[in-house]
Amino acid sequence: MLFAAVGHPVCVYDVEPKQILAALEFIEAELKRHEKEGTLRGTLNAAQQRALISSSSDLKSCVSGAIHVQECVPEDLELKKRLFEQLDAVAPPGCVLASSTSCLLPSTFSEKLKNRTHVIVAHPYLNVDGMVDYMRRHGAGLERVSATMGPTPAYTAPPPSLEQINKQLQEMTPLGEMGARRAWRDKMLSALARLKRDMETE
Ligand SMILES: NC(=O)c1ccc[n+]([C@@H]2O[C@H](COP(=O)([O-])OP(=O)(O)OC[C@H]3O[C@@H](n4cnc5c(N)ncnc54)[C@H](O)[C@@H]3O)[C@@H](O)[C@H]2O)c1
């Protein structure tokens with residue numbers, strides 16, 4: 001919906017056709033609800049945004065011409081590995097391959113891909129059903145993945161990569177500009193708090 005809101009065509013793919021139907025029905029209902037409540041994003045109306053969203057039962061045609069792929073398959077390393085290999089073969093060069101993984105290290109399923117520099121972790125989820133439901137659905141997966149993570153890393157004797165990470169961070173925000181960056185962050189947080197207060201009083 002975020003992408004359709006700004007005019008991008010979107011294609012939904014799942015191995016279960018009924019999941020695709022359910023997703024499209026949910027999206028349509030949400031777009032209509034947002035339109036009715038005046039909270040629809042962008043300048044296109046709900047019907048125009050819905051028309052941008054299609055589906056496919058073929059992965060290759062689904063990602064043809066894509067600039068961003070959002071993977072949302074279950075938290076299973078072998079499954080993610082297989083899917084990312086398929087995506088690597090069919091997604092256009094330069095396309096961002098974003099995983100929804102909760103706790104798998106992205107390197108474990110991206111290391112051998114030719115487009116591995118375009119793999120990121122991006123969470124599209126809002127955990128609206130609460131922590132109890134979250135643990136019921138994901139607890140076993142979290143335990144399974146945690147068991148593969150090995151001993152606690154050493155932080156007092158950091159690895160040589162620390163220098164490199166520090167250099168990259170300094171390039172993005174030099175230490176001398178941290179004050180200005182904090183001020184910007186505080187200004188944005190205040191604006192967000194104002195927006196929240198205004199929405200609550202509506
Ligand atoms: N649900 C959440 O609150 C939440 C939050 C953060 C991250 N995540 C992560 O998002 C991912 C998905 O979680 P979920 O709760 O949406 O799972 P889910 O089981 O509800 O949905 C997974 C979907 O993937 C489909 N699928 C299975 N194999 C496939 C394949 N090979 N190709 C295409 N589709 C396939 C299934 O049919 C199903 O529709 C996991 O990595 C999870 O850790 C979930």
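Guide: Begin with the idea of a nonpolar core: a set of buried Ala, Val, Leu, Ile, Met, Phe, Trp, Tyr and Cys residues joined through C-beta atoms within 7 Å. Keep in mind that this is a predicted model.

Visitor: Which residues form the largest nonpolar core here?

Guide: That core has nine residues: Val63, Ala66, Val69, Phe84, Leu87, Ala91, Leu97, Phe109 and Val119. Take Ala66 from the list: leaving aside residues up to four places away in sequence, Ala66 touches Ala91, Pro92 and Cys95.

Visitor: How do strands E3 and E4 run, parallel or antiparallel?

Guide: In a regular strand the side chains alternate between the two faces of the sheet. Here strand E3 (residues 68-71) and strand E4 (residues 96-99) run parallel, joined by four bridges. Between E3 and E4 the chain passes through helix H5 (residues 77-90), a β-α-β crossover that is right-handed. Across the pair, Glu71 of the chain stands opposite Ser99 in E4.

Visitor: How many residues of helix H8 are buried?

Guide: A residue is buried if 20 or more other C-beta atoms lie within 10 Å of its own. For H8 the number is zero out of 12 residues, so H8 lies largely in the open. Its length can be checked too: at 1.5 Å a residue, H8 (residues 161-172) should span 16 Å, and its end C-alpha atoms are 17 Å apart, which agrees.

Visitor: What does helix H2 reach from its first C-alpha to its last?

Guide: H2 (residues 17-37) has 21 residues and reaches 30 Å, close to the 30 Å expected. Just after H2, Gly38 has a positive phi of about 75 degrees.

Notes: Residues numbered from 1 in each chain as written. Predicted model: local features only at pLDDT ≥ 70, side-chain atom pairs only at ≥ 80, totals over all residues. Helix = DSSP H or I, 4+ residues; strand = E, 2+ residues; numbered from the N terminus. Expected span 1.5 Å × (residues − 1). Pairing = 2+ DSSP bridges. Right-handed = clockwise from strand over helix to strand, strands pointing away. Contact = placed C-beta atoms within 7 Å.
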